[in-house]
Amino acid sequence: MKRLLAVAAVSLTFTSCSLLNIGSEPEPRKVVELDTLHVEEPSPRQPYKAAETRVADLIHTKLDVKFDWEKQYLYGKAWLDFTPYFYDMESFKIDAKGFDVNEVSLVSGSDRNPVDYNYDGSQIEVYLDSAYTRNDTFKLFIEYTAKPNELELKGSSAISDAKGLYFINPLGENPNKPKQIWTQGEPESSSCWFPTIDSPNEKTTQEISITVQEKYKTLSNGKLQYSSLNGDGTRTDVWAQEKRHAPYLFMMAVGEFAVVEDSWRDSMLVDYYVEPEYEEHAQAIFGDTPEMIEFYSELFDYPYPWAKYSQVVVRDYVSGAMENTSAVIFGEFAQKTKRELIDNSPEDVIAHELIHHWFGDLVTCESWANLPLNESFATYGEYLWREYKYGRASADMHLHQDLQGYLREFDSGKHVDLIRFNHDKPGDMFDGHSYAKGGRVLHMLRKYLGDEAFFAGLSHYLKENKYEPVEIHQLRLAMEEVSGRDLNWFFNQWFLDEGHPQLTVQYDYIDSTGVQKVMVTQDQDATEFPIYKLPVIVAFHMSNGATIEREIEIDSLEQTFSFDFRSEPEWINFDMEKMLLAEIDEQKPVEDWVAQYNESSLFYAKLTALNEIQKHLRKNDEAAKTAIAALDDSISGIQEKALSMLKVMPAEYDTTVVGKLKKLSKNDEDSEVRSTAINLLPKYADEEVVPLLENALKDSSYYVLVSALDALYKIAPEKGLEKAGELEGSENGEVLMTVAGIYLEEGVEGKQDYFLSLDKKIKGFSRISYMSLLSNYSAEIGSDQFRDKALKILDKEANADQQWFVLYYAVDGMVRIRDAYQTELETINEKYGEEESMEQEDADRVKAIEAKLADIEDKFEVLREKIEHPRVQMLLN
């Protein structure tokens, strides 16, 4: 499962893997991948969460499903093959949430023999006709109706809903949204649409017959066996998954998709399901998939194990993406034009979900406590792909983003083990620890063992545990068996304990003895966190150009390491590989940090140096010159860091800086660097900047275009307004919203039709920005007629079945319009004070406003009954 993506610019912090920020003028820029950043107050320690007890083993699942779009029901028939896991049994329980159960029978040949059962709305307890032993098998038939919208289940921070089966725009009332059906099983929501043993340590083969109207395409796990026309305008597609996998990985998707076919090794089907308007872009979005499959197959010495690989994009998805076996679902963020892909490709998410097909689908965590065995590997898989495709610097930049996400979560107060047997509910495991920290821990394990042993160990782990559930110790044992090293210490401190080391590193050279001392202290609270064992390489850079490497092992709170040298090192590089998951205060003079920047090739070494150099910009000429030189670095992430440092650069360097910014704005290969440089230009505006920005409006990158338009408006408002008008017809939502933001900032009247037209053009999470702009424009500038139309759009969003934070901003927009009316009413009343009569025009206006407020209150009353989320309820009340 891929955590949700975060869209820049929201003033509200959510308990969600999606962090959204929108103000009155949204920042129309990059989408940033983040883990959970907001953490609730620590809850009492929960009881031990064991793996699910295996009572009955589910061998095969056969389903026959049909849909009622109007009622949003699934009518299902299930044939389930079981055998007792070990002990004899006469009864057992099957997970089935919120069903109408019509029949439960044992199947014998063509006969069905009803059995007694008890159903509590969550599980069916089946009473068999006799005692069965582990040498027996039996087939159970269940006929049922799944009613997902009647379930009262809560999602989590990473997966915002838990009803398992979703009907999107089922009545076709929204002309801007396709009708679709899709499923989301992780962690335990598959049992919301079919009866099963809904636990990650269960494995079953499957067959699904899906009956739909002929116009719809279907997708499920495995391969399409055949399709049958039913003579009534419907078609039945039969999909079969012949290799065992966990029930949470079952999936269906139904919709009017365009399907673009590709292949791996010229034989296996690889295909991409997108909305028809994106058919021409599907290859650009997903086209690296065959190369990714080959890369991972070779890296793990284990060929891709499933029958096909499909990827489908759906609307209103409740998470980022999901690794359903051989049929991955993506939220609509993945659906982009070729031009939009220049700035913001879903490539990392594509890699993440693909590597799950080894780590998660083939070998599955036996309990949610062991979720890092799935998600840490998928997160690190993003690193591995970037390293292979784009080089280590790109991979390290990505790993740094993950590290910052984990540290933010840690700093907010979430201090938990990676492998967590005391989590409250499964959804709590999908956080910055399981993803970001886990990926970083795997990186350390790789650096400790070396590449050959690390990847051989992973291959051994996969081959020994294929199609089986596993716990963390099986990974440790596999790595130990290959490497020959005892790894208990590593797994105990990193996987089975909380926190990370906080180190202070100091240096002292003793001239009289020629001894270089390296003093290291572990500053983390030893009453809460481990005293870490940390093998690490320290590099000593000598005056003759030589580099001397020494491996040390830190294992105490305070240690001093001594090295004999004939002369004092020029500078010292602690953790030469920059692989430690740690917060490190390395105390050395600014000259040494300048040397580290100039002489290092690694992203982390350069970034760490610039972070320290930044502290000295105003008082050290070499520091300032180094920061300016970093603007031309070959690593885009270092250029971005250098650009951020310009905010505190002394004014004496302005001439040099503006020259650099102009050059970067026009010529840098990275669109993000060009965009960031343009954002900084208004501070240094001269006669050359306006034509430069006008030319940047022609850039192929929307990032650059948006930044140029915003900067142009700041420097030359009239010219910016003129260009904004020319861009009203853009196909890109961020450009359209930037135009709207300029109109709002400038207070341009007569743009009501433009704001209303965006309702059909702005999609996905960007609609949150749109609702904020629409409501602000309505409140500040709009007529009553325009406000009525804006309220209709916002009310439609607030009544839609979608993620709570989208509902929040719809309601927030309605509140702003209400407040505008209330302010106007108060102004009129204050005008007359305690006078009993007022002019007829004002009296008529008061009556009109009161009617508007009553109408809004009626809408709120409906929403109070419908929306349960406390944050939205606070707004409504």
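**Helix packing, a sheet and a ring pair**

Tutor: Start with two helices: α7 and helix α8 (residues 451-465) pack with their axes 6 Å apart, at an angle of about 125°. Bear in mind that the model is predicted.

Student: At what angle do helix α6 and helix α7 cross?
Tutor: Helix α6 spans residues 392-411 and helix α7 spans residues 433-449. Their axes come within 8 Å, and the crossing angle is roughly 130°.

Student: What is the handedness of the crossing of α6 and α7?
Tutor: The two helices are oblique to each other. The crossing of α6 and α7 is left-handed.

Student: How many residues in the contact of α6 with α7 are charged?
Tutor: On the α6 side the contact is made by R392, L399, D402, L403, Y406 and E409. On the α7 side it is made by H433, A436, K437, R440, H443 and K447. These divide into four nonpolar and two polar, and the number charged is six.

Student: Which are the edge strands of the open sheet of four strands?
Tutor: The order is β11-β12-β17-β14, with antiparallel pairing. The twist averages 10° from one strand to the next. An edge strand pairs on one side only, and this applies to β11 (165-168) and β14 (217-220).

Student: Which residue in β17 stands opposite K217?
Tutor: β14 and strand β17 (residues 252-255) run antiparallel and are joined by four bridges. Opposite K217 stands G255.

Student: Among the aromatic pairs, what is the geometry of F300 and F359?
Tutor: The structure holds 58 aromatic pairs. The ring centres of F300 and F359 are 5.2 Å apart and their planes are at 80°. Planes over 60 degrees apart count as edge-to-face, so this pair is edge-to-face.

Student: How many residues apart are F300 and F359?
Tutor: F300 lies in the loop between α2 (289-299) and β20 (309-313). F359 lies in the loop between α4 (347-355) and β23 (363-365). The pair links distant parts of the chain, with a separation of 59 residues.

Key:
Residues are numbered from 1 along each chain as its sequence is written. This is a predicted model: local features need pLDDT of at least 70, side-chain atom pairs count only at pLDDT 80 or more; totals for chains, interfaces and linings use all residues. Side-chain values use heavy atoms; hydrogens and water are left out. Axes are lines fitted to C-alpha atoms, for helices over the stretch in contact, and angles run from 0 to 180 degrees between N-to-C directions. Angles under 35 degrees count as roughly parallel, over 145 as roughly antiparallel, 65 to 115 as roughly perpendicular and the rest as oblique. A crossing is left-handed if the near helix is turned anticlockwise from the far one by less than a right angle, and right-handed if clockwise. Contact means heavy atoms within 4.5 Å. Ala, Val, Leu, Ile, Met, Phe, Trp, Tyr, Cys and Pro count as nonpolar, Asp, Glu, Lys and Arg as charged, and the others, Gly among them, as polar. Two strands pair if DSSP finds at least two bridges between them. Rings of Phe, Tyr and Trp (its six-membered ring) pair if their centres lie within 6.5 Å; planes under 30 degrees apart count as stacked, over 60 as edge-to-face and the rest as tilted.
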